[in-house]
Amino acid sequence: MKKIIFTDKAPAPIGPYNQAVLVGNTLYTSGQIALNPATMELVLDDIETETKQIMENMKAVLAAANMTFENVIKTTIFIMNMNDFVRINKVYGSYFDESTAPARETVQVACLPKNVNIEISMIAVKS
């Protein structure tokens, strides 16, 4: 049976989806973009700030499911410009212990919701 995960510490969904769904011990998050959850305004100052906002949103969603980044087993990163990868990776990597970091793919795409530069989704498992 699935359990819907919601927190007001992350952006509210802007469509027919939820922030995350917990099935058994596995959490599937929706993709997060750099929306400030308090204002629902985009945070697009630079790619580092945008990435940090996304990771903070993810941190809140994970916490709502009683998990942390240590529980994350897989991430998917969609980016508009692969030239931003190094800068994104530096911020993203600061949220994980490199020795236990999750599996990941990073894909350059043609367009993202609200014309943002990056979107990240995660799968996490509670032991």
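Let's start with the buried side of helix α1: I47, E50, T51, Q53, I54, M55, N57, M58, A60, V61 and L62 are its buried residues. Buried here means under 20% relative accessible area, exposed means over 50%, and partly exposed is in between, with a 1.4 Å probe and protein chains only. This is a predicted model, where local features need pLDDT of at least 70, side-chain atom pairs count only at pLDDT 80 or more, and totals for chains, interfaces and linings use all residues. Residues are numbered from 1 along each chain as its sequence is written, and side-chain values use heavy atoms, with hydrogens and water left out.

What covers those buried residues of α1? The cover includes β1 (2-5), β2 (20-23), β3 (26-29), β4, α2 and β6 (118-125). Helices (H or I, at least four residues) and strands (E, at least two) are DSSP runs, numbered from the N terminus.

The helix α1 has 18 residues and reaches 26 Å from its first C-alpha to its last, close to the 26 Å expected at 1.5 Å a residue; that expected span is 1.5 Å times one less than the number of residues.

E56 sits in α1, which covers residues 47-64, and E56 counts as partly exposed because its relative accessibility is 29%. Its C-alpha is separated by 10.0 Å from that of P37, 19 residues apart along the chain.

Moving on to the loop between α1 and β4, we find A65. Is A65 buried or exposed? At 3% relative accessibility, A65 counts as buried. Leaving aside residues up to four places away in sequence, A65 touches I5, L27 and K126, where contact means heavy atoms within 4.5 Å.

On to S121, in strand β6. With a relative accessible area of 17%, S121 is buried. Its contacts, again not counting residues up to four places away, are T29, S30, G31, M58, K74, T75 and T76.

Now for the rings. How many aromatic pairs does a search of the whole structure find? It finds three. Rings of Phe, Tyr and Trp (its six-membered ring) pair if their centres lie within 6.5 Å; planes under 30 degrees apart count as stacked, over 60 as edge-to-face and the rest as tilted. F69 and F96 make an edge-to-face pair, 5.3 Å centre to centre with 70° between the planes. F69 lies in the loop between α1 and β4 (72-79) and F96 in the loop between α2 (85-93) and β5 (103-108), so this pair ties together parts that are 27 residues apart in sequence. Both F69 and F96 are buried.

F96 also pairs with Y92, and that pair is tilted, at 4.9 Å centre to centre and 45° between the planes. Both Y92 and F96 are buried. Ring pairs link F69, Y92, Y95 and F96 into a cluster.

Finally, some backbone angles for you to look at. M40 has a phi near 60°, a positive value in a residue other than glycine. M40 is in the loop between β3 and α1 and is partly exposed, with a relative accessible area of 31%. K114 has a positive phi of about 60° although it is not a glycine, and K114 is found in the loop between β5 and β6.
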